[in-house]
Amino acid sequence: MFCLLRPLRRFYLEKILPHWFHYSRALSGAEAVNALRPFYFAVHPDFFGKHPREREVNENSLKRLSVYLENIQKPGFKSLKPTQLTFYVRETDQNSSDGQEPFSNSGFRAVRFTLHTRDLLSTVLYILNSCSLSAEHIQSSNTNVHSQPLKEAKRLSDRPIKWDKSYYSFTGFKDPDEDLEQVSRMETTLTSWLHNNGKRAVKKLKNSLPLRKELDRLKDELSHLLQLSDIRWQRGWGIAHRCSQLHSLGRLAQQNLETLQKAKGCTIIFTDRSGMSAVGHVMLGTMDVHHHWTRLFERLPSYFDLQRRLTVLEDQISYLLGGIQVIYIEEFQPVLTLEEYYSLLDVFYNRLVKSGLPFHPQSLRGLQMILSRDRYAPSLHELGHFNIPVLCDPASLPWFIHTKAQQARENMKRKEELKVVENELIQASTKKFSLEKLYKEPSISSIQMVECCKRLLEQSLPYLHGMHLCVSHFYSVMQDGDVCIPWNWKNGKA
């Protein structure tokens, strides 16, 4: 039965989402996290405080899901065991109970599914589909990043296949014909969506204001007490959750202040696992207990030593490659610990040393590169940095980098110019609409943000007054009143 359902599910996804399967290798880890944001919002344990059993189930399933997603991003993985997961899904605006267990009196339902897809995009789509959550935001982001489908993408049959209605009842999948009819009847526009959701956003924002002030107070106090550069969050947790994390850190500081002050000058990031990040930030895993956090702070001197060795290794690679700067960009690379990133650099450095590349010293000074763990050929990013696979053939690098060097410099110059324009438009939009805050998701490029703000400035949008506006890939009112709109929003009347 398992072998029969697997091709059926893939065919279903290919039939209704053909463009996404062309780009299945293009989804990055950061894009996957952003694409799954509606899912995380629907199952996050913080929303199940009064239901400890369901909270524990979701916590355990999220841990197993995180391991699964991490494994399928590893280069060269061969075997992957099917992973059966159970989640309790909150009733939100984006999901329905079609084909799933009905909602309980508490406002949630149980969803069970088994993961055995082998690429990131199909896994994300399957998760969203299993929970009856919209996946429209994934198509908009992928089709704008990649203009050409991969050569190895399978050509779909031109002959349409009509499934009997009983197929959708049995599998729990949505009937694509019904979805298409619904979309054709009503297309969401920015004005209509704000008209329908503005009051709800204002109410949530007003309710969150006391907690926002408390969050700022806690953050300032801890930053001053521990002499930190900053405190950040890797994921979009709610204000209450963030305050709770800061309270936990504050209690730990009261118990062991001297140990925590070893993080002087650092940035602390609350994330899914503890350690030090590739860029030197102290990562505090939100699922870890105080004992784990204390051990991390105690080990910081050894992390600082490894960080110095990592900098030396980057300089050595730079010297072998003609002065090109090795950088780590969090938006474009998977989240790596300092140890993982050092290991990656070490493998690449040893391959370069053995190859004896003929780069002239400082001939590529001013250019930048990032290391990637995939097995594809080197490429030039539109922002000007080179993507160099760790396991690529070093002999292919001199010709590729030298032929693309001028284009890389031009791209970097355009990036700087674009950043200036982006900041100016953000300030202008914030002022015109009297926004409290205007920001974007990490997966939104400067080009997309500029286009979005230019179009916004042409509109009259009184609903945005005093709002926290986030430019994303989909519409959403967050739990604390932040309003998310897609960067390529549609225009129209309410």
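**Helix, sheet and cavity**

Mentor: Start with Gln-407, which touches Leu-380 and Arg-414, leaving aside residues up to four places away in sequence. Keep in mind that this is a predicted model.

Trainee: Which helix does Gln-407 lie in?
Mentor: Gln-407 is part of helix α16.

Trainee: Is Gln-407 buried, partly exposed or exposed?
Mentor: Partly exposed: the relative accessible area of Gln-407 is 35%. Buried would need under 20%, and exposed over 50%.

Trainee: Which residues of α16 are buried?
Mentor: Ala-405 is one of them. Others include Leu-397, Pro-398, Phe-400, Ile-401, Ala-408, Asn-411 and Met-412. Further along, the buried set includes Glu-422, Leu-425, Ile-426 and Ser-429.

Trainee: And what do the buried residues of α16 pack against?
Mentor: Helices α15 (338-355) and α17 (446-457), plus strands β8 (368-372), β9 (379-380), β10 (386-389) and β11 (437-440).

Trainee: What about just after α16?
Mentor: Ser-434 has a positive phi there, about 50 degrees.

Trainee: New topic. You mentioned β11. What is the strand order in its sheet?
Mentor: β11-β12-β14-β13, an open sheet of 4 strands with mixed pairing.

Trainee: Which strands stand at the edges?
Mentor: β11 and β13 (476-477). Each has a single partner strand, so one side of each lacks a neighbour in the sheet.

Trainee: How do β13 and β14 run, parallel or antiparallel?
Mentor: Antiparallel, with 2 bridges joining β13 to β14 (residues 483-486). In β14, Val-483 is the bridge partner of Val-477.

Trainee: Now cavities. How many are there of 30 Å³ or more?
Mentor: The count is 2.

Trainee: Which residues line the second largest cavity?
Mentor: Val-483 again, along with Trp-193, Leu-194, Asn-197, Gly-198, Ala-201, Tyr-463, Leu-464 and Met-467.

Trainee: Which helix gives the most to that lining?
Mentor: α10 (residues 190-226), with 5 residues.

Trainee: How many of the lining residues are nonpolar, polar or charged?
Mentor: 7 are nonpolar and 2 are polar, with no charged residues.

Technical notes
Residues are numbered from 1 along each chain as its sequence is written. This is a predicted model: local features need pLDDT of at least 70, side-chain atom pairs count only at pLDDT 80 or more; totals for chains, interfaces and linings use all residues. Side-chain values use heavy atoms; hydrogens and water are left out. On a 1 Å grid over the protein atoms alone, a cavity is a set of points where a 1.4 Å probe fits but cannot get out, and a pocket is an open set with protein on both sides within 12 Å along at least five of seven lines; lining residues have an atom within 4 Å of a point. Grid points are joined across faces, edges and corners, and a volume is the space filled by probe spheres set on the points. Ala, Val, Leu, Ile, Met, Phe, Trp, Tyr, Cys and Pro count as nonpolar, Asp, Glu, Lys and Arg as charged, and the others, Gly among them, as polar. Buried means under 20% relative accessible area, exposed over 50%, partly exposed in between (1.4 Å probe, protein chains only). Contact means heavy atoms within 4.5 Å. Two strands pair if DSSP finds at least two bridges between them.
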